[in-house]
Amino acid sequence: MTAVGDPHQSIYGWRGASAGGLERFPEQFRTLDADGTPRRADVHTLSTSWRNELTILDAANLVAGPLRAGARVPLPVLQARPGAQAGHVQALVADTVEDEARAVARFVADRWRGAAPGVDRVSAAVLCRKRAQFPVLRQALREAGLPVEVVGLGGLLSTPEVVDLVAALQAAHDPSRGDALVRLLTGARTRLGAADLHALAAWASELSARHGSARGRGADGVEADVVDERSIVDALDDLPPAQWCSRTGRSLTDVALARLADLAGLLRALRAHTYLSLPELVGEAERLLGLDIEVAARAGVSPGRARAHLDAFRDVAVDFSQSADHPTLGAFLAWLEAADAREDGLDLPVAEPDPDAVQLITIHAAKGLEWDVVAVAGMVDGGLPATATQGKDGPKDSAWLTGLGTLPYPLRGDRHDLPELAYAGAADPKDLEERRKRFLLDAGDHEVAEERRLAYVALTRARSDLLLTAAWWGQAKGVRKVSLFLTELAEAGLVDAQGWAPAPADGTANPREVSEYSAVWPGDPFAGSGAEHHRGDAVRAAAEAVRAAIEAAGAQPPQPGDDRDARGPGVAADADGTEHPDELARLADRLLAERELTSRPSAEVVLPAHLSASALVRLDSGAEEFALALRRPVPLEPSPQARRGTAFHTWVEGWFGSASLVDLDDLPGADDDSLPVDADQAALRAAFLATPWAQRRPVAVEVDIETPVDGYVIRSRIDAVFPDPEAAPAVAGSGAPDDAVVVVDWKTGAPPTDPAARASRELQLAVYRLAWSRWTGTPIERVQAAFCYVGAGLTVRPERLLDEDEITALLRRSTASDVQAPDAHAASGGFVRSGAGERVSRRS
């Protein structure tokens, strides 16, 4: 057994991966000498840094010095690689966080280089302790003309295009999400002014009063629920007439009415597509909002980079759909809100940095990555380190004594490496309070050590150029203090501190509070000072040209029956009447037809590639109901029979001495919908013990088998397999083993009396029989199957079970458009339509 790691980089101690675990490894996993004497495991060191230049490595080693002093395992000081260059470490303390962000942007812009012929690529990243630092830094980097990639789920959810996308999904899903609608109303697409917003709010209040939805008790004494109220989202769906005026004199302008009607149509179209899977719905929302075109029009950015955030959000939707038990739109939006509320975005893996963009990333997410140029922003006391160190009593931390989200230290596996609250043996309450205060100080020192590891990770991400920054003024009214780590480096002379602004004098007001900010509402998307501002005129001119072309085309529309119409789409003519294909027109026709096809809901439901045996039974019993359940999945009503079956199957599994781990959907007995009988668990167990199966030794119990049939993978969970005492012995001299078996499926109810229901139920046994035959190589004629209806004390062996060809034919009939023979369907690839307009189709 081998453990590899750097205790200085153990930055995930808060979730169990502490440095102490690695340091205790030699003692906990001891090795034996040749004579059997135990001793500490061997420790081999990797002491050469092949990434960092000299000055960067010196700075990192200094920050990690206190960690090295208290380590159980001797850790060498990292040495630079042979031929390492000097490198450069610069420190900068600005007046405000905005000044700090601009300095970071200048530092990165002077050094970062994208890929170009004859130009060496230089990668760069800006590292932050918390995501709250992202907005001001991202704005400064964008204004400097740099392409920015925000890494991590939290950063993704704060990008403008993703915020708009999530807001549209929220407003379409929940009429109470007026906050999401306001985001769309005030965004660059709708750009509603303050007066029109007030007018829309007045119209919403008028609708609420008109429909009697105001809070309070109605005439019948029943208090109205909040969901019964008319919201601003409802007001958007029911806009006022053009001449409407509120009681307070407010009215909507004609421009606002047109924009609101357009937004209302967008949300209605989005609601009409909620039957789609989550990834498809996200794509449809992106198309309806025009975000795909918007990001593609960004200047100076490749199309792939421009839509990187949209693609990343689509990937998030795909991952959620694959992992969630019920991947509904509501569940997805709730999950996004929970993810956005977290302070770190560590749940998603971090991809390799794109050298054609500057990464804006948290230090936690940057672990394992490297760049040529790195800026670490926000190195102030209370930022990095997050625990303030320069207070009256030094660093303090409440650890697990407050809040319910922290596991008490005595219950953690690394408790021996954590501060201890020595409450036992306290003489009196005063003594106990003194011990608690001592614990808070010890916990503070421990947290500072953890933050020191984080700073070490941040510094060692850089290859050649490193910038460490702070700002005297942030959100707080008081002056902030420079980080302990940055001060240590400055005092040791390891950083270039020429950009260190002097500390403000006592009594100085926060310049961020006295500054006056002005803005125009609704905002102009091209009003910034960066690259977007310079392309505003060009974009407006291009838009006017497009409008002029549309108006010109509309002034002379093609007339039915003229030459242009007779030629049909995709054919153009020269001035002399010579016809030739127009490839662009053909492509446009195909794209428009495809968009029209995808925008209309389809009644076709594709049969999943993986089916359970019970799902196959439901498909055979009623293809229409099965298709409707696929299209609009609804949670099944709790079934006492299913609960009874699951409990009984678990007991039988234990009776035969076998237990296995299964998914919830595959719990044995979960599909037990046979007719109920009045038998509790004790009676069922007694009934089972009275059957001949209880005293037999099974070949296998609770076996999961997947087998392909006609392109589909059928998943079976076989309850039990026994040697078949009723089978004829193998023919003597044939060489075939006497391996005849019977597959038994336990049922806790009574057998069905309807012949059609009985035939569908026997399909399950046919699938089990085929699966066992293929899995074990047993000839299918040597495999029989039976139902044991335990509650009724009855074992039923079907006289005949379907073979593989007949199961294939059943699948094809269920997905056929008409009543066709299997061969005819194989050529047509049709479907079956339900009475509700749904149909099951084959997967292409």
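This is a predicted model: local features need pLDDT of at least 70, side-chain atom pairs count only at pLDDT 80 or more; totals for chains, interfaces and linings use all residues.
The protein chain has 844 residues, of which 40% are buried, and its secondary structure comes to 32 helices and 22 strands. Its accessible surface is about 44,400 Å², with 54% of that belonging to carbon and sulfur atoms.

Now to the interior. As a general point, nonpolar side chains in soluble globular proteins tend to be buried together. Here the largest nonpolar core holds 55 residues, and the members that touch the most others are Leu169, Leu185, Phe313 and Phe332. If we take Leu169 and leave aside residues up to four places away in sequence, we find that Leu169 touches Leu270, Leu281, Val282, Ala285, Phe313, Leu329 and Leu333. There is also a second, separate core of 44 residues, which includes Ala91, Leu127, Ala365 and Leu468.

Leu169 leads us to a pair of helices. Helix H8, residues 160-173, packs with helix H16, residues 308-323, at an angle of about 45°, and their axes lie 9 Å apart; H8 is therefore oblique to H16. On the H8 side the contact is made by Glu161, Val162, Leu165, Val166 and Leu169, which meet His309, Leu310 and Phe313 in H16.

Technical notes. Residues are numbered from 1 along each chain as its sequence is written. Side-chain values use heavy atoms; hydrogens and water are left out. Helices (H or I, at least four residues) and strands (E, at least two) are DSSP runs, numbered from the N terminus. Buried means under 20% relative accessible area, exposed over 50%, partly exposed in between (1.4 Å probe, protein chains only). Accessible areas come from the Shrake-Rupley method with a 1.4 Å probe; for residues, only the protein chains shown count as cover. A nonpolar core is a set of buried Ala, Val, Leu, Ile, Met, Phe, Trp, Tyr and Cys residues joined through side-chain atoms within 4.5 Å. Contact means heavy atoms within 4.5 Å. Axes are lines fitted to C-alpha atoms, for helices over the stretch in contact, and angles run from 0 to 180 degrees between N-to-C directions. Angles under 35 degrees count as roughly parallel, over 145 as roughly antiparallel, 65 to 115 as roughly perpendicular and the rest as oblique.
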